Amino acid sequence: MADVTIRGAGIFGLSIAWACLQKGATVRVIDPHGPGAGASGGVVGALAPHVPENWNAKKGFQFESLLMAAPFWAGVEAAGGLSSGYGRTGRLQPIADDHTLSLAHARETTAKEFWQDHATWRVIPATGAAWEPHSPTGFLIHDTLTARMHPRQACAALVAALRAKGAEIATEGPNTGHFLHATGTKGLEELTRHHTRTVGNGVKGQGALLDYAMPDAPQLFADTIHIVPHADGTTAIGSTSERDYDSPDTTDAQLDAVIARARRAVPALANAPVIERWAGVRPRSRSRAPMLGAHPLYPGQFIANGGFKIGFGMAPKVGQVMADLMLDGADHIPPDFRPEASY
């Protein structure tokens, strides 16, 4: 009989399972569609921090999680033998105008305060290198905290690590021990059905993989698009944010527009072939923060949902705090992340 049962094999469910295993628990993960079948099976994988100013609990939690990422994924890869595609390669962003340039300089100072010696945020001159976005001011933001990973490879690496350590990954099975719901958009829809307001919803995203190899280069953020060179020799771009959509898993002209904007921002991508188009629906809570803690509908059960665009970056810390809560009764969840913030 498993000590912990987790419904949902996306990034939150798998990461919490891994954290529970590290604490000595036996774990069963159940998902009728298989691991990484939903939003966690995407292609982009930008682990990007919030701007270093107006510090709050959400930014602090994400910062700690980004610092945890390297040892977290190293442990996963060592256990299961598969690469997650993780790399802390940093990020470049163009600076559009003088006002934004002034803000960027101010954030150099606040980054030193909030990030301390762990990472830097600097304004640097553009050099005209091929792997740079066009910058109207001639300056770029370079941060060393941003990292990348390949989402579906990361899920596969977690599954391999979990199985290597004796966890059960199944499409069906009984709920035994501590029971956690990590069921993404469907879980948020269930909460909304039992409430008088929307607790959360799915937001569709479309992204693409290009056949362009820059595996050691920093990722770029230009014209609101993430451009992420992966370790496997592909480059991902994305994504859209669609509250209204007809089909959850098809791509359309909105992705065509994202691809065109990426090519304009980074001319080096102009002739790179598109080798995959992807679409999926990401769970977004009403508060926009992850929803962690006691389940609002089921006494004695737990929830981890609402990763939206930052689920992979939050995953190491989410795994830690949920394992602490379920197995030790130690509650380290920030108030803004509790279900009542959205419920």
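This is a predicted model: local features need pLDDT of at least 70, side-chain atom pairs count only at pLDDT 80 or more; totals for chains, interfaces and linings use all residues.
Local features need pLDDT of at least 70 and side-chain atom pairs count only at pLDDT 80 or more, whereas totals for chains, interfaces and linings use all residues. Residues are numbered from 1 along each chain as its sequence is written, and side-chain values use heavy atoms, with hydrogens and water left out.

Reader: Is Thr 146 buried or exposed?
Author: Thr 146 lies in the loop between β6 (139–143) and β7 (147–148); helices (H or I, at least four residues) and strands (E, at least two) are DSSP runs numbered from the N terminus. Buried means under 20% relative accessible area, exposed over 50% and partly exposed in between (1.4 Å probe, protein chains only). Because its relative accessibility is 0%, Thr 146 counts as buried.

Reader: Which residues does Thr 146 touch, not counting residues up to four places away in sequence?
Author: Contact means heavy atoms within 4.5 Å. On that basis, Thr 146 touches Leu 47, Ala 48, Pro 49, Arg 88, Thr 89, Gly 90, Arg 91 and Gln 219.

Reader: Why does Asp 246 count as exposed?
Author: Asp 246 is found in the loop between β13 (235–238) and α6 (253–265). Asp 246 counts as exposed because its relative accessible area is 85%.

Reader: Which strands are included in what covers the buried residues of α5?
Author: Helix α5 spans residues 184–193, and its buried residues are Gly 184, Thr 185, Gly 187, Leu 188, Glu 190 and Leu 191. Their cover includes β10 (200–210), β14 (274–285), β15 (291–294) and β16 (302–305).
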